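Reader: I am new to this structure and would like to learn how to read it. Could you take me through some of its features, beginning with the pairing of charged side chains?

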Amino acid sequence: MAKRRKSLADQVPTEIFWSIFNKLSFIDLIQAKSVCSSWNLAAEEFASKMPWLMLPSKKEVEEGDGAFVNNNGYNGFFNLCENRVYNLKTTPMEFRESCCIGSSNGWLVFLEHKAAPFLFNPFKQIKIHLPSVDYLLGLKKMERNEDGEYELDYLKKNQRFFFKVCGKQVVRECFIQKAILSGKPDYNENFGVVLLCNNREEIAYHQRGYNSWTVIDVSHPPYQDIIFHKNHLYALSDNNSIEVWDLGGRDYVGRIVKKSDIVLPFPDKSHTKGNSLRGCGTSKFYLVESCDDLLLIVRFIGDYVDFDGTLLTEWDLLTETCTQPKICPYRTCFFHVYKLDFDELKWVEVESLNDRALFLGGNQSVSVSVQSFPNCETNSIYFTDDCWEKMEEDYNYGGHDMGIYNIKDESFKPIYEFSSDKIQPPPCWIIPSAMLESQLGQCVASLPGCN
């Protein structure tokens with residue numbers, strides 16, 4: 001039997017593919033996958049094994065009053081490894097008319113009008129609809145009117161109010177603070193979606209194949225973060241306790257089992273530092289799975305921080321010679337990293353992440369190895385702004401608190417330069433599932449006795 005002759009596309013070296021992809025827009029990159037199987041595989045590898053930062057439209061800033069605000073949502077993807085932006089020729093309706101409420105396993109989670117959430121994979125252009133969350137959020141109606149505003153009717157209150165589309169952070173602040181996936185929808189039909197919602201007071205779960213949401217019976221609300229660790233859901237509360245649930249996975253039958261309730265003392269170092277800065281800012285906490293360890297990240301955000309990083313009080317903004325108060329946006333001042341000792345039930349400080357980097361923000365918190373990504377910095381935290389309650393405080397800033405934090409020397413670097421401190425909607429990380437799978441392999445290979 002004669003062998004099938006390879007097409008010219010099949011014979012193109014990978015480095016040639018990548019040089020071609022570097023010249024394409026994001027949409028052209030997706031369309032290139034349809035040329036043939038070789039192009040599809042090469043484009044898939046190119047897009048799915050790099051960290052991306054989803055950006056709002058920059059063009060509309062130049063046409064406006066200088067504030068980085070737009071009503072058309074996200075319009076570009078910044079490739080961290082290449083330090084390059086891939087722009088969209090046209091803004092998809094999903095980005096334009098919906099609010100992004102999460103990013104997990106390479107999928108984006110959106111909430112559109114009528115309180116209908118859906119999953120969207122920007123690399124494969126796949127959309128998966130989820131059951132409505134109107135009753136979960138206590139809403140009788142959530143509709144977008146002709147003026148681009150959302151009209152809300154509450155079930156328990158005969159009150160109606162409006163908020164503009166450019167203020168979609170209100171959805172994140174009041175309704176859904178984080179959304180994560182238990183698996184990969186493109187490979188696993190039994191994946192689940194978990195929402196941290198209603199001012200962080202409730203956690204809800206939806207299993208693929210069911211047409212409703214289950215509100216988990218929680219014990220210590222409100223919660224700071226949620227994450228999957230060793231196939232269990234972990235929720236970190238404001239009082240530093242951790243609740244662990246078995247959601248059933250493939251054997252889910254509508255029953256959620258609580259496995260443990262871990263009460264931990266708050267790390268002394270962060271407690272002391274927080275007390276010394278009391279009244280000058282707020283703290284946020286994240287859970288991250290890193291090479292089989294469970295990490296706690298403490299992030300302190302100063303209410304007023306000068307351009308040189310000096311933490312100020314509200315009184316420092318007023319001087320005798322100035323008629324207008326000094327503008328000093330809120331900014332992240334430092335991070336502390338800890339690892340959970342499951343035997344001693346305490347947090348142990350981590351002085352170095354070695355070759356790993358953390359990605360924090362409105363996305364699912366993740367840890368990756370930077371060995372395969374030359375432009376990513378080791379022992380660093382890449383963070384975006386998820387301080388939803390502060391984003392609408394001032395028209396001069398909001399969505400701007402992002403950067404790269406080096407754990408060793410405690411220095412900050414910018415990720416991407418914006419022309420304003422008012423960035424709406426705020427940038428969001430997308431870490432593809434294929435990238436996380438390769439990271440797991442590197443973790444295993446780094447363990448003692450592994451070659």
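Author: Side chains of opposite charge can pair when their charged atoms come close. Taking a salt bridge as a side-chain nitrogen of Lys or Arg within 4 Å of a carboxyl oxygen of Asp or Glu, the count here comes to 11 salt bridges. Please keep in mind that this is a predicted model, in which local features need pLDDT of at least 70 and side-chain atom pairs count only at pLDDT 80 or more, while totals for chains, interfaces and linings use all residues. Residues are numbered from 1 along each chain as its sequence is written, and side-chain values use heavy atoms, with hydrogens and water left out.

Reader: How should I read a sheet, and in what order do the strands β20, β21, β24 and β25 stand?

Author: Two strands pair if DSSP finds at least two bridges between them. In this structure four strands form an open sheet in the order β20-β21-β24-β25, with antiparallel pairing. β20 (281-290) and β25 (346-349) stand at the edges with a single partner strand each, so one side of each is left without a neighbour in the sheet. From one strand to the next the twist averages 35°. Between β21 (residues 293-302) and β24 (residues 331-341) there are eight bridges, and Ile297 stands opposite Val337 in β24.

Reader: Which helix lies across β21, β24 and β25?

Author: Axes are lines fitted to C-alpha atoms, for helices over the stretch in contact (heavy atoms within 4.5 Å), and angles run from 0 to 180 degrees between N-to-C directions. Helix α7 (residues 268-276) lies across these strands, running at about 155° to β24.

Reader: How many residues of strand β13 are buried?

Author: Six of the six residues of β13 (residues 192-197) are buried. Gly192, Val194 and Leu196 point one way from the strand, while Val193, Leu195 and Cys197 point the other way. β13 pairs with β12 (residues 176-181) in the antiparallel sense over five bridges, and six bridges join β13 to β14 (residues 202-207), again with the strands running antiparallel. Leu195 is the bridge partner of Ala179 and also stands opposite Ala204 in β14. The hairpin of β13 and β14 has four residues between the strands, and there Asn198 takes a positive phi near 55°.

Reader: Which residues touch the most other members in the largest nonpolar core?

Author: A nonpolar core is a set of buried Ala, Val, Leu, Ile, Met, Phe, Trp, Tyr and Cys residues joined through side-chain atoms within 4.5 Å. The largest one has 36 residues, and Met54, Leu80, Phe95, Phe359, Tyr382, Ile415 and Trp429 touch the most other members. Among the elements that give two or more residues to this core are β1 (52-56), β3 (74-79) and β32 (428-430), and β1 gives the most, with four residues. A second, separate core of 27 residues includes Leu130, Leu136, Val171 and Phe175.

How values were computed
Buried < 20%, exposed > 50% of the residue type's maximum accessible area, 1.4 Å probe, protein only.
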